[in-house]
Amino acid sequence: MSAVARNRFLSALSVARRLAGAAADHAHVARMGVRRGDAACWSTLNCNARMVHSVTQPTWVTSKDESRDLMAVWPDVVRDLTDVTKSFNIPDVTKWMAKVLQYNVPGGKKTRALALVYAYKVLAPSDQLTEENIRLVRILAWCMELMQAYFLIIDDIQDRSLLRRGQPCWYRYNDIGLAAVNDGLMLESALFYLIRKHFKGKDCYVNLLETFQDITFKTIMGQSLDMLSTNFGKKPNLDLFTMNRYNSIVEYKTAHYSFLLPITAAMQLAGIKDPEMFRQAKTILLEMGHLYQVQDDYLACFGDAEACGKDNTDIEEGKCTWLVVVALQRATPEQRKILEECYGFSDPEKVNRVKQLYTDLGLPNTYSIYEEETYNLLNVHIQQISRGLPHGLFLNLLGKLYHRAS
């Protein structure tokens, strides 16, 4: 993709993001494109987006089949981790680690793990797709899930959440409490032990290690910004809730580890070294991460809590979400007063007043437009990828996001 095409895409995508402050109808979106001086680009994007919808896209690996194959490796992962603790001669910890692993790691949707395995199968040369290499990829996929479990354990404590994946959060299980912090650190250490055990000496080892460490660091920085935005659980300062701040939270807390990491790791495993290929992939994957988090924010308020498998308490916790940022952009002084009085409080009546305000401001409709426009723009950008990255990989990842309900 040429520099001109990339700049046009990013310009148009910034327009889509600005839907947050736009009136919720397609005519207004088109006018926004014209005001940006890029009417021709919008026309081309809309045309290409319709063409993309009509193209038969490659089929995503059957999640059920790959989940089964992934689960077949899980006992080996647990054995690797418990065997190393046996050598320390602390049997109580060995038993406890097995319990921590089983409760927190294998029960999720394994979206990131599945993405890594799928991406490797698409990107690797056929002579690399050996049984042993696929097994190693699945072990690395479990490292992704260990990272996810580590983040969730800590996040649930910080947010005082009640449920995760349809069961009590780990810190609430048998009143474990703050001892769960150490269990989260245990899972983080475990993933780096597995990388060292299985990949040390391979060409990709240093790159994998640095990538996992770098993205862990960035995710923790994103979590810090998220907590600073909520004023550490006290009454939030709504003046801080800008779209720029929200975008930074999303990029560092969500997009890097949920989208960039699995695909980057797969590229490294497949032996890809071209910096331009990594750059093009990063641009698309971070934007997918932004779409994913906006969807999460919306579903936390208007989605099915049972389908999501967790309690949705963004309003009570005073989170800097897409919904509240857009609401603040649109609110009249009287409506802002409702947010000042009700946002960040656990009183059910106040929570309902905030939700009603979101509806009154037309946020469900604006969200639908944002999702559709961003999906179309990403489709076009994917079609413009050069340097040999397969379009089908990114189209399938994007397809898993489109109109998701959980």
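Predicted model: local features only at pLDDT ≥ 70, side-chain atom pairs only at ≥ 80, totals over all residues.
Reader: What does the secondary structure of the protein chain come to?

Author: The protein chain comes to 18 helices and 2 strands. Of its 406 residues, 54% count as buried. The accessible surface is about 17,900 Å², and 53% of that belongs to carbon and sulfur atoms.

Reader: What makes Trp170 buried?

Author: Buried means under 20% relative accessible area. Trp170 has 3%, so Trp170 is buried.

Reader: And why is Trp96 called partly exposed?

Author: Partly exposed covers the range between the buried limit of 20% and the exposed limit of 50%. Trp96 has a relative accessible area of 30%, so it falls in that range.

Reader: Why is the pair of Trp96 and Trp170 called tilted?

Author: Two rings pair if their centres lie within 6.5 Å, and by this rule there are 14 aromatic pairs. The centres of Trp96 and Trp170 are 5.6 Å apart, with 45° between the planes. Planes under 30 degrees apart would be stacked and over 60 edge-to-face, so an angle of 45° leaves the label tilted.

Reader: Which parts of the chain does that pair tie together?

Author: Trp96 lies in helix H5 (residues 91-104), and Trp170 in the loop between strand S2 (167-168) and helix H8 (180-199). The two are 74 residues apart in sequence, so the pair ties together separate parts of the chain.

Reader: What makes the pair of Phe151 and Tyr257 edge-to-face?

Author: The angle does. Their planes are 70° apart, which is over 60, and the centres are 5.0 Å apart, which is within 6.5 Å; therefore they pair, and the pair is edge-to-face. Phe151 is in helix H7 (residues 131-159) and Tyr257 in helix H10 (residues 243-269), 106 residues apart. Both residues are buried.

Reader: Which residues do ring pairs link into a cluster?

Author: Tyr298, Phe302, Trp322, Tyr367 and Tyr370.

Reader: How do you know that the charged end of Lys350 sits over the ring of Phe345?

Author: The charged end of Lys350 is 4.3 Å from the centre of the Phe345 ring. The distance limit is 6 Å, and the direction must also be within 35 degrees of the ring normal. The distance is within its limit, and the pair is recorded as a charge over a ring.

Reader: How do you know that the length of H7 agrees with that of a helix?

Author: The expected span is 1.5 Å times one less than the number of residues. For the 29 residues of H7 that gives 42 Å, and the end C-alpha atoms are 42 Å apart, so the two agree. Helix H17 (residues 363-383) passes in the same way: its 21 residues should span 30 Å, and its end C-alpha atoms are 30 Å apart. H8, with 20 residues, reaches 29 Å, close to the 28 Å expected.

Reader: Why is H7 called largely enclosed?

Author: Because 24 of its 29 residues are buried. H17 is mostly covered, with 16 of its 21 residues buried. H8 is also mostly covered, with 14 of 20.

Reader: What makes Arg160 exposed?

Author: Exposed means over 50%. Arg160 has 54%, so it is exposed. Arg160 is found in the loop between H7 and strand S1 (163-164). Its phi is near 55°, a positive value in a residue other than glycine.

Reader: Which other residue has a positive phi although it is not a glycine?

Author: His403, at about 60°. His403 lies in the segment after helix H18 (391-401). Gly201, which follows H8, has a positive phi near 95°.

Reader: Why does Gly388 count as exposed?

Author: Gly388 has 65% relative accessibility, and the limit is 50%, so it counts as exposed. Gly388 sits in the loop between H17 and H18. The C-alpha atoms of Gly388 and Met277 are separated by 7.8 Å, although the two residues are 111 residues apart along the chain.

Note on methods:
Residues numbered from 1 in each chain as written. Heavy atoms only, no water. Helix = DSSP H or I, 4+ residues; strand = E, 2+ residues; numbered from the N terminus. Buried < 20%, exposed > 50% of the residue type's maximum accessible area, 1.4 Å probe, protein only. Phe/Tyr/Trp six-rings, centres within 6.5 Å; stacked < 30°, edge-to-face > 60°. Areas by Shrake-Rupley, 256 points an atom, 1.4 Å probe, with all protein chains shown as cover.
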